[in-house]
Amino acid sequence: MSDTPNSLTIRRPDDWHLHLRDGAMLKAVLPFTARQFGRAIIMPNLKPPVTTVDQAKRYAAEIRDALPEGSTFQPLMTCYLTDGADPDEIARGHEEGVFTAVKLYPAHATTNSAHGVTDLDKVAGVLERMQRIGMPLLVHGEVTDQDVDIFDREAVFIDRVLAPLLKRYPELKVVFEHITTEEAADFVSADASGRLGATITAHHLVINRSHIFAGGIRPHLYCLPIAKRERHRLALRRAATSGAAPFFLGTDSAPHPVTAKESACGCAGVFTAPTAVEVYAQVFAEEGALDRFEAFASLNGPRFYGLDPNPDTITLDRTGQTVPDIVLSADGDAVLPFRSGERLDWRLVPES
Ligand code: DOR
Ligand code: ZN
C-alpha cells in the first residue's frame, strides 16, 4: 500500500484487559506492557484471586515495584467477583480509587475461574450497588454449559446472560471482554446507550480457528474465548478499525510457562504483550485504517471509563522488527510470545 505512512504518532495507548500474574512472571512480562501503554486494567485471576481492597492494594504495590526505573505506567485494579462478594467492600474499593472495575468470570469458564459466579442472582446486591455508583462490570462472555459447543459459547452467552443482565440493570456499565464473534460485534454496535463497551485482542484480529490446527496442534494459539471462523475475524477487524466508540484495545495477554501450554491439557492464553501495539498497528495498516488507530487504542477506552486520554504520545515506524523467540522469567520459566520469531512491519520507536 503506497499511501501507508512510514511513521505514525498517536496518544499513548492503554491496555484495557491484561494478565500480569505475580512474582517472577510479573517481573518478566511487565516491562513489555510498560514500554507501550500508559495504563492497563489488571485481571484479578491470581491464585488466590484478588477479592478484597487490601489484596488489590498489595498487588498494585507489587506491580509498581516491578516497573522499570522511571516508568509512569499505572495499573488499574479489578476485583474478582465471587458468589459471596460484599457490596460494601467493593464500593469502598471504588471510592478509595483502588478498584477501577469488577471482573465477572462465570465459574469454571476459564483459567483460575473456579471461584467465579455460579448464579447472577447471588450477586444482585453487588450489581445494583455498582450500577448506582457507576462502577463498570467486565464480563468474560461465555456460558459454561459443557453441552454448548465451545465455538458457540460466546453467542449463546449474549442471549442467555448478557441481554437479560443489561435489561435487569439498565444503567450498569458493562464491558464485553475480548469479543470473538460477529454476533458480539453486532450486539455491541447495536447498543446506542454508551454504557456497553467491548475489548478486542490483537490475536483475534489475526488468527481464526484454522490457525490453531495449521499443520498440527498449536497450543500457543489456544485461548478462551477460542478463536472462531474467518467470518468472525473479519467482523472483529471491521469493528476495531471502524473507530466506533464502544470498541477499544484490550490485549488479554496471558502468559503461561511453555511447560503448561505444551502439555496433554494445555492452559488457555496467548502472550501478546511483547509486540501488542505493533500487531494492532499492522492490522489497521492492512485495513487502510491507520487514521482510526488512535481512537481504538488511546481514546475510546478512557472515554468509556470516564478518564482522560494519556497526555503523552508514542511513535511507530515501519522499520519493522522480529518478535522475540522466547521470554524467560528469573525462576526459569519460558514463555512464547505471539508470532515468536516472526517479522512484523511496525516497530515502536524507543524513547530517547
Ligand atoms: O485464554 C485465556 N487466558 N482466557 C482467559 O479468560 C484467562 C486467561 C488466563 O488467565 O490465562
Ligand atoms: Zn483475560
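Q: Which residues surround ligand 1?
A: In this predicted model, ligand 1 is surrounded by H19, R21, N45, T110, T111, H140, C223, L224, A254, H256, A268 and G269.

Q: How does that shell divide by class?
A: The shell around ligand 1 has seven polar, four nonpolar and one charged residues.

Q: And where is R21 found?
A: R21 is in the loop that runs between β2 (15-18) and α1 (23-36).

Q: Turning to contacts, which atom of ligand 1 is 3.0 Å from a polar backbone atom of A268?
A: A nitrogen atom of ligand 1 is at that distance from the backbone of A268.

Q: What about H256: what is the distance from its polar side-chain atom to an oxygen atom of ligand 1?
A: For H256, the distance between the polar side-chain atom and the ligand oxygen is 2.7 Å.

Q: And for the side chain of H140?
A: An N or O atom in the H140 side chain is 3.3 Å from an oxygen atom of ligand 1.

Q: How much of the accessible area of ligand 1 does the protein cover?
A: On its own, ligand 1 has 290 Å² of accessible area, and the protein covers 100% of that.

Q: Where does ligand 1 sit, then?
A: Ligand 1 sits in the largest cavity.

Q: What does UniProt list under "binding site"?
A: The UniProt entry, which is unreviewed, lists H19, L20, R21, N45, H140, L224, H256 and A268 for "binding site".

Q: Which of these residues does the lining of the largest cavity include?
A: Of the listed residues, H19, R21, N45, H140, L224, H256 and A268 are included in the lining of the largest cavity.

Q: Changing topic to the backbone: is the peptide bond from L224 to P225 cis or trans?
A: The bond from L224 to P225 is cis, and its omega is near -5°. P225 itself lies in the loop between α7 (203-206) and α8 (230-241).

Q: And the one from K47 to P48, cis or trans?
A: The peptide bond from K47 to P48 is cis, with an omega near -5°. P48 has its place in the loop between β3 (39-42) and α2 (53-65).

Q: One last item: is the phi of H178 positive or negative?
A: The phi of H178 is positive, near 35°, in a residue other than glycine.

Q: Where is H178 found?
A: H178 belongs to the loop between β7 (174-176) and α6 (182-190).

Key:
Residues are numbered from 1 along each chain as its sequence is written. Chains are lettered from A and ligands numbered from 1 in the order in which they are written. This is a predicted model: local features need pLDDT of at least 70, side-chain atom pairs count only at pLDDT 80 or more; totals for chains, interfaces and linings use all residues. Side-chain values use heavy atoms; hydrogens and water are left out. A residue is near a molecule or strand if one of its heavy atoms lies within 4 Å of it. A polar contact is a pair of N or O atoms within 3.5 Å; within protein, one must be able to donate a hydrogen and the other to accept it, and residues adjacent in sequence count only if both atoms are side-chain atoms. Accessible areas come from the Shrake-Rupley method with a 1.4 Å probe; for residues, only the protein chains shown count as cover. On a 1 Å grid over the protein atoms alone, a cavity is a set of points where a 1.4 Å probe fits but cannot get out, and a pocket is an open set with protein on both sides within 12 Å along at least five of seven lines; lining residues have an atom within 4 Å of a point. A molecule sits in a cavity or pocket if more than half of its atoms lie within 2 Å of its grid points. Ala, Val, Leu, Ile, Met, Phe, Trp, Tyr, Cys and Pro count as nonpolar, Asp, Glu, Lys and Arg as charged, and the others, Gly among them, as polar. UniProt positions are given in the numbering used here, feature names are shortened, and annotations may be inferred rather than shown by experiment. Helices (H or I, at least four residues) and strands (E, at least two) are DSSP runs, numbered from the N terminus.
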